[in-house]
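Colleague: I have the structure open and would like to go through a few parts of it. Could you take me through them as I ask?

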Amino acid sequence: MPAQVGPEAEEDRKPTSKKTMAGRRGAKVKVKKEDGFVRVRESDLERLTTEIMQLRDLLPKVLNGNLIETLRQAQVAQTMREHLARDKEQFRQECLHLQSRLGAAQTKCRKEREEKLQLREQLWQSRAELQQQVDFCSGLGSAAGSLLWSSSTNEHTVMQWLADGKLQSFLTVAAQTLESFVRSLDEEGKTETEDPNSQEYQFALALAGTITNIAAVTYGRDFLCSLAHGMLDTLMALLQLMKPGVVPRLKSLMLMALYNVSIGIKGLRYITENPGLLPLIKTLLNDGDWEVCLHSLRLLQSMLVEEEMLIFLGSSLLDPDIQACVSRLTSAVQPCLGLVAQQTLEQLHALQHVLQAREQ
């Protein structure tokens with residue numbers, strides 16, 4: 001009888017197939033499951049063991065320090081890439097937010113520009129309306145001042161003003177107006193002598209002329225010396241502020257008002273108590289306008305003819321600069337100016353002789 005063999009023996013006798021040979025060349029293990037077990041050929045197991053041992057020998061050579069560092073750097077780069085991606089997204093969101101804010105700001109700017117243009121147009125209109133009102137008020141003030149100036153030439157009218165008790169308020173307003181006008185000349189740097197067409201200038205002349213006419217009346221002069229010292233101080237202060245050659249007519253009217261006040265001993269005593277009076281006269285004698293020089297000489301004469309003032313002022317009236325100015329004016333082209341200058345110079349010489357006699 002032929003011998004019987006099991007399935008294992010039959011398996012060994014089978015020729016090796018191409019598929020099996022290919023599995024060996026690829027170091028693959030052919031397994032067969034039976035009842036939960038895996039069956040592996042011994043040759044395949046040995047080959048797998050050999051390959052594993054070879055991998056153990058080669059793995060440290062392949063996985064050297066450079067590779068590990070490269071892997072670490074790659075991991076760091078990956079982390080940075082993730083951070084950059086997050087930053088990029090954050091920047092994008094911020095950019096969108098800023099663009100939104102920019103759009104809102106541009107819209108607001110356009111609205112504000114439109115409002116600004118509207119306000120500027122309104123401002124121009126308001127300026128035009130204000131200028132019209134200023135011109136109207138200036139014209140009205142000039143006309144009213146001229147009427148007031150003309151009325152003040154009547155002594156009875158001045159007496160009526162004093163009786164009404166409104167003169168003090170008028171003088172206060174007049175002093176403020178004259179001061180404002182003179183200071184505006186200084187601020188604007190005006191060098192012209194005068195502008196006859198200026199309503200403001202005509203108004204200032206009318207006020208100064210009215211004050212001069214009030215001082216020409218006895219009761220008006222007494223009122224100025226007693227209750228309107230501020231007006232007299234303002235006139236002397238403004239004469240000091242005005243530059244030579246500027247608004248000579250206004251200067252002349254102010255000097256005439258002071259001269260009218262100096263006619264009375266009370267008024268003369270008050271204005272001579274001002275320490276700036278003599279320096280002011282010396283300055284005005286060099287003004288260049290003959291009428292200003294003439295009224296300055298007359299004011300100086302008021303101090304020279306009053307014996308009380310001679311005692312009070314003494315040698316201060318004999319200032320060499322004042323005498324030199326008066327002497328120069330004696331040869332003026334205008335006859336009246338030369339005559340008054342000659343009279344004043346003689347009075348100064350007489351005062352000098354009196355003082356020398358007293359000293360001896």
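This is a predicted model: local features need pLDDT of at least 70, side-chain atom pairs count only at pLDDT 80 or more; totals for chains, interfaces and linings use all residues.

Colleague: At roughly what angle do the axes of H9 and H10 cross?

Modeller: The axes cross at roughly 140° and come within 10 Å. Helix H9 covers residues 229–241, and helix H10 covers residues 248–262.

Colleague: Why give both an angle and a distance?

Modeller: The angle between the axes and the distance between the axes are what describe two packed helices.

Colleague: What does the angle of roughly 140° between H9 and H10 count as?

Modeller: With the axes crossing at roughly 140°, H9 is oblique to H10, because only angles over 145 degrees count as roughly antiparallel.

Colleague: Is the crossing of H9 and H10 left-handed or right-handed?

Modeller: The crossing of these two helices, H9 and H10, is left-handed.

Colleague: Let us change topic. How many aromatic pairs are there?

Modeller: The count comes to 1 aromatic pair. The pair is formed by phenylalanine 181 and tyrosine 201, with ring centres 6.0 Å apart and planes at 35°, so it counts as tilted.

Colleague: Which helices hold phenylalanine 181 and tyrosine 201?

Modeller: Phenylalanine 181 belongs to helix H6 (residues 167–188) and tyrosine 201 to helix H7 (residues 199–216), so the pair ties together parts that are 20 residues apart in sequence.

Colleague: Are phenylalanine 181 and tyrosine 201 buried or exposed?

Modeller: Phenylalanine 181 is buried, at 12% relative accessibility, and tyrosine 201 is buried as well, at 2%. Both values fall under the 20% cut-off for burial.

Colleague: Which residues does tyrosine 219 touch?

Modeller: Tyrosine 219 touches Met159 and Leu162, again without residues up to four places away in sequence. From C-alpha to C-alpha, tyrosine 219 and methionine 159 are 7.4 Å apart, with a separation of 60 residues in sequence.

Colleague: What about glutamine 323, buried or exposed?

Modeller: Glutamine 323 is buried, with a relative accessible area of 17%. Helix H15 (residues 320–329) contains this glutamine. Leaving out residues up to four places away in sequence, glutamine 323 touches Leu318, Leu345, Leu348, His349 and Gln352.

Colleague: To finish, how many helices and strands are there in the protein?

Modeller: The protein has 16 helices and 2 strands. Its 360 residues include 29% that count as buried.

Colleague: And what share of the contacts join residues at least 24 apart?

Modeller: That share is 68%, taken among contacts between residues at least 6 apart in sequence.

Key: Residues are numbered from 1 along each chain as its sequence is written. Side-chain values use heavy atoms; hydrogens and water are left out. Rings of Phe, Tyr and Trp (its six-membered ring) pair if their centres lie within 6.5 Å; planes under 30 degrees apart count as stacked, over 60 as edge-to-face and the rest as tilted. Helices (H or I, at least four residues) and strands (E, at least two) are DSSP runs, numbered from the N terminus. Buried means under 20% relative accessible area, exposed over 50%, partly exposed in between (1.4 Å probe, protein chains only). Axes are lines fitted to C-alpha atoms, for helices over the stretch in contact, and angles run from 0 to 180 degrees between N-to-C directions. Angles under 35 degrees count as roughly parallel, over 145 as roughly antiparallel, 65 to 115 as roughly perpendicular and the rest as oblique. A crossing is left-handed if the near helix is turned anticlockwise from the far one by less than a right angle, and right-handed if clockwise. Contact means heavy atoms within 4.5 Å.
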